[in-house]
Amino acid sequence: MSGTAIWHHPGRLVPIRYVLVRDVAGEFKPQAFLCTDLDADPLDILRWFVRRWSIEVTFAEVRRHLGVETQRQWSDPAIARTTPALLGLFSLITLWANELYAADAPAPRSASWYPKPLLTFSDALATVRRELWSPGNFETSSHTQDDAKISHHTIDRLINLACYAA
């Protein structure tokens, strides 16, 4: 069902087109989708919502894992520089993880109370951290003949834990 209505916004009235969607199986509650373009086709309004969802998820992940919108700069130009840099970092991490997954895609890490069927950005971030922190990339001392005090297995587990905790 679709139609037009007036949306009461503080201080003004805004004409909108609405699309009401009802799940015939009854699993989801009816939902309304709103648009200020009164001539928009109802199917286009639904398509726009579906396309926007991936953008919303991206911003939520960038906010959660990389700190977008939590920067502590004091000027608008500093924020204008930082936000695009963090979005670029999101893209680089995603591309690098995709390249690493081509060789060996890990199973999604999930908790027992929350099964996760697909890899998420937190998995991608942990994979890239793992690559950066692997022993070949993160050595600070010279090679000596001394025996390791901690087993390689233990070091590997600690690095894996740090990848998700960081």
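Glutamate 61 touches Leu66, Phe90, Phe121 and Ser122 when residues up to four places away in sequence are not counted, a contact being defined as heavy atoms within 4.5 Å. The structure is a predicted model, in which local features need pLDDT of at least 70 and side-chain atom pairs count only at pLDDT 80 or more, whereas totals for chains, interfaces and linings use all residues. Residues are numbered from 1 along each chain as its sequence is written, and side-chain values use heavy atoms, with hydrogens and water left out.

Glutamate 61 lies in helix 1, which covers residues 42-66; helices (H or I, at least four residues) and strands (E, at least two) are DSSP runs numbered from the N terminus. Glutamate 61 counts as buried because its relative accessibility is 14%, where buried means under 20% relative accessible area, exposed means over 50%, and partly exposed means in between, with a 1.4 Å probe and protein chains only. Leucine 46 also has its place in helix 1, but this residue is partly exposed, with a relative accessible area of 26%. Leucine 46 and cysteine 35, which are eleven residues apart in sequence, have their C-alpha atoms 9.9 Å apart in space.

Two packed helices are described by the angle between their axes and the distance between the axes. The axes of helix 1 and helix 2 come within 10 Å and cross at roughly 100°; axes are lines fitted to C-alpha atoms, for helices over the stretch in contact, and angles run from 0 to 180 degrees between N-to-C directions. Helix 1 is therefore roughly perpendicular to helix 2, given that angles of 65 to 115 degrees count as roughly perpendicular, those under 35 as roughly parallel, those over 145 as roughly antiparallel and the rest as oblique. On the side of helix 1 the contact is made by Thr58, Phe59, Glu61, Val62 and Leu66, and on the side of helix 2 by Leu86, Leu87, Leu89, Phe90 and Ile93. By class, this contact has eight nonpolar, one polar and one charged residues, where Ala, Val, Leu, Ile, Met, Phe, Trp, Tyr, Cys and Pro count as nonpolar, Asp, Glu, Lys and Arg as charged, and the others, Gly among them, as polar.

Helix 2 (residues 76-103) also packs with helix 3 (residues 121-133), at an angle of about 75° and with the axes 9 Å apart, and these two helices are therefore roughly perpendicular to each other. In this contact Phe90, Ile93, Thr94, Trp96, Ala97, Leu100 and Tyr101 of helix 2 meet Phe121, Asp123, Ala124, Leu125, Thr127, Val128, Glu131 and Leu132 of helix 3. The residues of the contact divide into eleven nonpolar, two polar and two charged. Threonine 94, which lies in helix 2, counts as partly exposed at 35% relative accessibility. The C-alpha atoms of threonine 94 and phenylalanine 33 are separated by 31 Å, the two residues being 61 residues apart along the chain.

The second largest pocket holds about 280 Å³ of space. On a 1 Å grid over the protein atoms alone, a pocket is an open set of points with protein on both sides within 12 Å along at least five of seven lines, and lining residues have an atom within 4 Å of a point. Of the 15 residues that line this pocket, Pro106, Ala126, Thr127, Arg130 and Asn160 are the closest to its centre. Helix 2, helix 3 and helix 4 (152-165) are the elements that give two or more residues to the lining, and helix 3 gives the most, with five residues. The lining comprises seven nonpolar, three polar and five charged residues.

Serine 151 is found in the loop between helix 3 and helix 4 and counts as partly exposed, at 39% relative accessibility. Leucine 20, in strand 2 (residues 12-21), is likewise partly exposed, with a relative accessible area of 38%. Apart from its neighbours within four places in sequence, leucine 20 is in contact with Met1, Gln31 and Ala32.

Notes. On a 1 Å grid over the protein atoms alone, a cavity is a set of points where a 1.4 Å probe fits but cannot get out, and a pocket is an open set with protein on both sides within 12 Å along at least five of seven lines; lining residues have an atom within 4 Å of a point. Grid points are joined across faces, edges and corners, and a volume is the space filled by probe spheres set on the points.
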